[in-house]
Amino acid sequence: MSFQQALSGLNASSRALDVTSNNVANASTVGFKTGSTHFADMYANSLSGAGSSSIGIGTAIQAIQQNFTTGNITSTNNPLDIAINGGGFFRMSTNGVISYSRNGQFHLDSSGYIVDDKNRQLTGYPADATGKVVQSSPVALQLDAADQTPVATGAGSGSFKGVKAVVNLDSRKAATTWVSGSALTAGSTSSPNTWSPDPANYNWTTALSIYDSLGNAHTLSLYAVKTGAKVNATTAAAATLKTAADAAAASYSAANATAAQNAANSLVAAAQAADTAGSTALTQQALNDALAAQTDANAIVDAGTAATAAASAQTALTSATAASDATKGQWEIHAGVDGTSDAGVTLTNSTLQFTTSGKLDTTVANNGLLDVSIDLAGITSALGKTNSATTPLTFQIDFTGSSQYGSAFGANRLEQDGYTSGRLTGVAVANDGTIRGNYSNGQSRDLGQVALANFTNPNGLAPVGGNQWVETSTSGQATVGAPGTSSLGVLQASAVEESNVDLTAELVNMITQQRNYQANAQSIKTQDSIMQTIVNLR
């Protein structure tokens, strides 16, 4: 029996050395997972049952388990190299056959699919034309290399639409008068069609590029013109009060008022004397008439007093508001496109009004929100160019946050949401697997999202070589989702996961299995020596 026991030990040690050698051989294989040998003893079956003195008949390989802990992550220069930090597997497709891998060394094939070195396609969730990822059934990820569609200014999908301008307008500047540009001759390309307004006609200017629906860039020039002190409700009230004072004064005469009052007083005194002597109905009527005349006379005197008071109040109010209005400001914004003139540009709500604190007056409706309409057809025709973009180009300029302080002019923020067409220049993969394309126009767009899969029992997966595993009934069905969700790890781009083989431990295992093999061989040798002794007995 010892021959059989020793032989099973030799076989087990040999298999264990195979596993160790395979680990050592794959120490540099990206995504490789270490295997370990599990042994089990063997006993002969007995119908009568085995007693405490039963002797085993050797050992056997119980299982070869893989260690799916994450290996070290190493940076690379390939943006499509992806490492999984945590649980999960890449889901790969080969002609519809699904396999799973931890090797994230990917590149693009000639059709734009993300593939590994064996042209297995990485699967995930595609993105629609707007860059929105649709998480449905995973499909092979193919990056769209088509030019990015241009977006006209005002048609963007960001946090604001149109132009955002946060500026400071110098309150110390004197008011001026804007002179509009003249209309241009359609089709003319002569130098007079280039228009540059006189700096004496505006206080400050700035410019930025805007885009039409075909992605053509146009230069939008903005001009700020101070029109003077702001006319507010207080000033209007003073004017109303002055009108009332003038009307009261026009109906007043000091001489007539005094004569009327003296006559009324005498009439009242006579009526009262007659009433004291024994009034009759006639004298009572006289008294009533006298009192009415006295009321009229007093009203004339009161009108003169009111006129004087109103005029005095108007003078004081005008004086007070004049000092206040001097610190306020009213500005007009004008615009020209492509250096032609302002004739093809229509602005609505183009007046900016500021409070005494130098901020936009929020009590004025739509203050700081300018609606712009640009006649692109007329402008490009005047420049001798053609343009079939949608016309007119309409958008809004938002001056919210702008100020009027006693400091130099400046544009603190000047941006717009349009852009021209762009070509794909590179990709980047985020931690959640989102693949973002970067374009030559400075824009970016989501092109898809990598999907990961995990299993209840990863050791139930069947290795098929090429850094791949396939699903089995022992592993359970794959749970597929976005990286960073559930039990799935996160991704790290421009990096790969190294093999998790510990060479030091494997070399120790190799020595251990070598000694086990030698010991089992010695057991056979000893048993052979004993049997030889028995054979030699006489």
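Modeller: Happy to! The protein chain has six helices and 28 strands, where helices (H or I, at least four residues) and strands (E, at least two) are DSSP runs numbered from the N terminus. This is a predicted model, in which local features need pLDDT of at least 70 and side-chain atom pairs count only at pLDDT 80 or more, while totals for chains, interfaces and linings use all residues. Residues are numbered from 1 along each chain as its sequence is written, and side-chain values use heavy atoms, leaving out hydrogens and water.

Of the 538 residues in the protein chain, 37% are buried, meaning under 20% relative accessible area with a 1.4 Å probe, protein chains only. Among contacts (heavy atoms within 4.5 Å) with a separation of 6 or more, 68% join residues 24 or more positions apart.

Now to the core itself. The largest nonpolar core has 30 residues; such a core is a set of buried Ala, Val, Leu, Ile, Met, Phe, Trp, Tyr and Cys residues joined through side-chain atoms within 4.5 Å. Leu169, Leu220, Leu352, Ile374, Phe395, Ile397 and Phe399 touch the most other members. The elements giving two or more residues to this core include β11, β14 (329–337), β17 (369–374), α5 (376–382) and β18. The biggest contribution is that of β14, with four residues.

Leaving aside residues up to four places away in sequence, Leu352 touches Leu169, Gly329, Gln330, Trp331, Ile333, Leu360, Asn367, Gly368, Leu370 and Phe399.

β15, β17, β18, β11 and β19 form an open sheet of five strands, in the order β15-β17-β18-β11-β19, with mixed pairing; two strands pair if DSSP finds at least two bridges between them. At the edges are β15 (345–348) and β19 (410–416), each pairing on one side only. Direction ignored, neighbouring strands of this sheet are turned by 20 degrees against each other on average, the axes being lines fitted to C-alpha atoms, for helices over the stretch in contact, with angles running from 0 to 180 degrees between N-to-C directions.

Within the sheet, β11 (residues 163–168) and β18 (residues 393–398) pair in the parallel sense over two bridges. Here Lys164 stands opposite Asp398 in β18.

Technical notes
Buried means under 20% relative accessible area, exposed over 50%, partly exposed in between (1.4 Å probe, protein chains only).
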